[in-house]
Amino acid sequence: MISVFNANNCTEYFLMLEIPDKNYMFSDIVENIFEKYNEICKNNGLEQKFLIYIRIYLSDIYNQASYIKEYLSNNYNSMFYILVGQAPASGAKISLEAYFCKPLNEADIEKNVEENTVSIKHGAYLTKWGNITPDIIGDSCKQTDDIFNKLSSQVSDLGGNIKDNVLRTWIYVRDIDNNYSGMVKCRTKWFENENMTKDTHYIASTGIEGKSILPSSLVQLSYVSSIGINSEQIVFMSVPDYMNPTHEYGVTFERGTKVVYGDRSHYYISGTASIDNKGLVLFPTDVLKQIERAFINIEALLSKYSASLNDLKVMIVYLRDYSDYQIIQNYIEERFNDTIPYVMLTAPVCRPLWLVEIECVAINNNGDEKFKAFL
C-alpha cells in the first residue's frame with residue numbers, strides 16, 4: 001500500500017509492503033517482496049534516486065540479516081536501509097517500509113555506509129536519517145550511553161546538536177521488560193546534560209521491543225534530524241486532557257512533534273497507547289478497547305495542532321501478543337478502509353499491561369509562508 005502527499009511540486013511517498021509467504025523459503029520471500037516493491041515503484045514513477053530509506057522488519061534477524069544484506073548489496077548497492085528484529089504479527093517473515101521524496105537530484109543525497117546514515121539537501125534544509133547500534137558489550141544503560149554518544153557526533157558533523165536538531169527517534173530494546181529501565185535512566189541523563197528537561201522539551205520517540213543483528217546489542221537507535229530548521233518551526237505536541245506529560249511517570253519523550261515548513265507540516269506522532277491524563281493504563285486485558293483509546297489519544301493530539309486522522313500517511317501498530325492480529329486488523333480495515341499504509345509487528349510495549357501501541361506520521365498543507373518550503 002502507498003500514500004502520497006504533494007504540494008509545491010514536491011511529492012512524498014510512504015510505502016508499506018507485506019506479502020503472504022508462509023509456504024516459501026526465505027530467499028524466495030525476499031525475491032517476491034522486492035519484485036512487488038519494484039512493481040509499485042514503476043507504477044508510481046519512483047526511481048531509486050528518489051528513495052530516502054527502507055526499513056525492513058524481520059521475524060528472525062539473527063539468521064535472516066546476512067541474506068538480506070547480501071541481496072541488497074547485489075541488487076541495490078546504494079540503498080540506505082535499516083534492519084529491525086520485529087516479527088510481522090501476520091506470521092510473515094518480512095515487512096518493508098519505504099519513504100521517497102520526488103524530485104530530488106542525486107547530488108542532493110549523500111549516503112555514508114560506514115556510519116549507516118543518509119543525508120538529503122532539500123531546499124533550505126539538510127535532513128539526516130541514521131541507525132545506530134552500540135559498539136560495547138554491557139547493560140542497556142551503558143549501551144544507551146554509547147549510542148547517544150554516536151548520535152551526538154553524527155548530528156554535530158552537520159553543525160547541529162541533539163536538543164535543537166533531532167526531530168524523532170526510535171529506540172529498539174531487546175527484552176524490553178528487563179532492559180527498558182536502563183535505557184530510560186541513561187537517556188534521561190543524556191537529556192539533562194543537553195539541558196533538555198520538563199521545562200524545555202524532549203524528543204518525539206518510540207521505545208519498543210526490537211532486536212538488532214547481534215544478540216549482545218540490547219538497544220538500537222534510529223533517528224531523523226534536520227539542519228536549517230529554526231526553533232519557531234518545531235512545535236512539541238501535548239494534549240494533557242487525554243495524556244499526561246511523560247515525565248510524570250518517569251520517562252522523557254514528547255507525545256509528538258510538528259515541523260512546519262512553508263508549504264506543509266509534518267507530524268511525528270510518538271508511540272501512543274491506551275493511557276489517560278493521569279498516566280494510568282486503561283482497559284487492561286482488552287486489546288480492542290485499548291486500540292480504540294489509543295486512536296482517541298492520537299486524534300485529540302492531531303486535532304489540537306490543525307490536523308486529523310485523514311492526514312495520516314503511514315502507521316505502525318505494535319502488538320504484545322501476535323494472536324491479537326486478526327482483531328486489530330479487522331478494526332483497522334473497518335475504520336480506515338485501506339486508506340493508510342500500515343504494518344502490524346509483534347513488539348511488546350514498555351509497560352506489560354499495554355497490549356497495543358501505535359505510531360504514525362501525518363502530513364498536511366497547513367504550512368506557514370514565513371518559512372522556506374520543504375523542497
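1. The cluster of rings. Please bear in mind throughout that this is a predicted model. Ring pairs join Phe26, Phe34, Tyr37, Tyr67, Tyr71, Tyr76 and Phe100 into a cluster. Over the whole structure, the search returns 19 aromatic pairs. One of them is formed by Phe26 and Tyr67, with 6.0 Å from centre to centre and 75 degrees between the planes. The pair is classed as edge-to-face because its angle is over 60 degrees.

2. Where that pair sits. Phe26 belongs to helix α1 (residues 26-43) and Tyr67 to helix α2 (residues 61-75), so the pair links distant parts of the chain, 41 residues apart. Are the two partners buried or partly exposed? Phe26 has 14% relative accessibility and therefore counts as buried. Tyr67, at 28% relative accessibility, counts as partly exposed, because the cut-off for buried is under 20%.

3. Charges over rings. Two arginines deserve a look here. The charged end of Arg55 is placed over the ring of Trp170, at 4.6 Å from the ring centre. Arg351 lies over the face of Tyr249, with 4.5 Å to the centre of that ring.

4. Strand β9 covers residues 125-132, and seven of its eight residues are buried.

5. Val118 stands opposite Trp129 in β9, and Trp129 in turn stands opposite Val224 in β12. The hairpin of β8 and β9 has two residues between the strands, and in it Gly123 takes a positive phi near 60 degrees.

6. Arg264. This arginine is in the loop between β14 (256-260) and β15 (265-272). Is Arg264 buried or exposed? With 0% relative accessibility, Arg264 counts as buried. The side chain of Arg264 makes a polar contact of 2.8 Å with the side chain of Glu12, and reaches the backbone oxygen of Cys10 at 3.1 Å.

7. Surroundings of Arg264. When neighbours within four places in sequence are left aside, the contacts of Arg264 include Phe5, Ala7, Cys10 and Glu12, as well as Ile363, Asn364, Asn365, Asn366 and Gly367. Val259 and Phe374 are also in contact with Arg264. The C-alpha atom of Ala373 is 7.5 Å from that of Arg264, although 109 residues separate the two along the chain.

8. Arg168. Strand β10 (residues 166-173) contains Arg168. Its relative accessible area of 2% is under 20%, so Arg168 is buried. A polar contact of 2.9 Å connects the side chains of Arg168 and Thr206. The backbone oxygen of Ile269 is reached by the side chain of Arg168 at 3.4 Å.

9. Surroundings of Arg168. With neighbours within four places in sequence again left aside, Arg168 is in contact with Ile203, Ala204, Ser205 and Thr206, among others. The contacts of Arg168 also include Ser222, Tyr223 and Val224, and Val224 is the β12 residue opposite Trp129.

How values were computed. Residues are numbered from 1 along each chain as its sequence is written. This is a predicted model: local features need pLDDT of at least 70, side-chain atom pairs count only at pLDDT 80 or more; totals for chains, interfaces and linings use all residues. Side-chain values use heavy atoms; hydrogens and water are left out. Rings of Phe, Tyr and Trp (its six-membered ring) pair if their centres lie within 6.5 Å; planes under 30 degrees apart count as stacked, over 60 as edge-to-face and the rest as tilted. Helices (H or I, at least four residues) and strands (E, at least two) are DSSP runs, numbered from the N terminus. Buried means under 20% relative accessible area, exposed over 50%, partly exposed in between (1.4 Å probe, protein chains only). A charge sits over a ring if NZ of Lys or CZ of Arg is within 6 Å of the ring centre and within 35 degrees of the ring normal. Two strands pair if DSSP finds at least two bridges between them. Contact means heavy atoms within 4.5 Å. A polar contact is a pair of N or O atoms within 3.5 Å; within protein, one must be able to donate a hydrogen and the other to accept it, and residues adjacent in sequence count only if both atoms are side-chain atoms.
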